[in-house]
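Me: I'm new to reading protein structures. Could you walk me through a few features?

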Amino acid sequence: LSSTVDPNGFNTTLWWRFSTVDPGTCNDTFGEETPHFGVGAGFSPFTYSQTDGRFSPGTTYYFCAIASNSAGTVFGSILSFTTLSESAPEVYT
């Protein structure tokens, strides 16, 4: 998961929500939540990426980024991705 957030000078926290069910709009109640990450209080866009081991092979996930600071909470767009399917090993002789 990767997102860009501009803290606009306030200490800001970023996290994602994800699910195998499309929630329609981003909110802080659907699916599962990733750990929160503090992005600081700068005035420039900050890009943060995080991996998560809870994804199953061959599955479509819907996710969105959420950022919060003392000025409020904002919700990103719902996006999706599909993980690769598992494959049996190949043997060459």
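Me: Which side chain does the side chain of asparagine 69 join in a polar contact?

Reply: A polar contact is a pair of N or O atoms within 3.5 Å; within protein, one must be able to donate a hydrogen and the other to accept it, and residues adjacent in sequence count only if both atoms are side-chain atoms. Here the partner is threonine 12, at 3.1 Å. A polar atom of the asparagine 69 side chain also lies 2.8 Å from the backbone nitrogen of alanine 71. This is a predicted model, where local features need pLDDT of at least 70 and side-chain atom pairs count only at pLDDT 80 or more, while totals for chains, interfaces and linings use all residues. Residues are numbered from 1 along each chain as its sequence is written, and side-chain values use heavy atoms, leaving out hydrogens and water.

Me: Where does asparagine 69 lie?

Reply: Strands (E) are DSSP runs of at least two residues, numbered from the N terminus. Asparagine 69 belongs to strand E6, residues 60–69.

Me: What about nonpolar cores: which residues make up the largest one?

Reply: In soluble globular proteins, nonpolar side chains tend to be buried together. A nonpolar core is a set of buried Ala, Val, Leu, Ile, Met, Phe, Trp, Tyr and Cys residues joined through side-chain atoms within 4.5 Å, buried meaning under 20% relative accessible area with a 1.4 Å probe, protein chains only. The largest here has 11 residues, including Leu14, Trp16, Phe63 and Ala67. E6 gives the most to this core, with four residues. Apart from it lies another core of five residues, among them Trp15 and Phe30.

Terms used
Buried < 20%, exposed > 50% of the residue type's maximum accessible area, 1.4 Å probe, protein only.
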